[in-house]
Amino acid sequence: MNDTKIKKEFPACPVETTLMLIGDKWKVLILRDLMPGTRRFGELKKSIGSVSQKVLTAQLRDMEANGLVSRKVYAEVPPRVEYTLTDLGYSLKPILDAMWNWGEDYQSRTKIGQV
């Protein structure tokens, strides 16, 4: 068996790479909700709101495959599954903080008609 890792093909633009990894609405909300710490699947679903179980599962699996989230399954009945940001996932905090600040500024400007 060949032990060499397959390199992913990334877009030429780093911004496009970032969007490829977190450009989905649900992924950004997952990151937001995992920043404070580990959450169970049900907690994530409840905090995010209108996302379906199928979509949330798919987004979490994709984020796990890309190294942003780690998943821990406990051998219990019913099974307990917890999600935590990896160091790589947590490195997105400054981006989410900037989005938060920009959103706050936008909301305050539109409330007083400055847009």
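A salt bridge is a side-chain nitrogen of Lys or Arg lying within 4 Å of a carboxyl oxygen of Asp or Glu. Side chains of opposite charge can pair when their charged atoms come close. A search of the whole structure finds six salt bridges, and this tour visits some of them.

The model is predicted, so local features need pLDDT of at least 70 and side-chain atom pairs count only at pLDDT 80 or more, whereas totals for chains, interfaces and linings use all residues. Residues are numbered from 1 along each chain as its sequence is written, and side-chain values use heavy atoms, with hydrogens and water left out.

**First stop: helix α6**

Please select Lys 93 and Asp 97. Their side chains meet in a salt bridge, with an N to O distance of 3.0 Å. Both residues belong to helix α6 (residues 93–111), where they are four residues apart and therefore separated by about one helical turn. Helices are DSSP runs of H or I with at least four residues, numbered from the N terminus. Lys 93 is partly exposed, at 29% relative accessibility. Asp 97 is also partly exposed, with a relative accessible area of 35%. Here, buried means under 20% relative accessible area, exposed over 50%, and partly exposed in between (1.4 Å probe, protein chains only).

Next, select Glu 76, Arg 80 and Glu 82, which salt bridges with shared partners join into one network. Between Arg 80 and Glu 76, the closest N and O atoms are 3.0 Å apart. Between Glu 82 and Arg 80, the corresponding distance is 3.1 Å. Glu 82 and Arg 80 are both buried, while Glu 76 is partly exposed at 38% relative accessibility.

Note on methods:
Helices (H or I, at least four residues) and strands (E, at least two) are DSSP runs, numbered from the N terminus.
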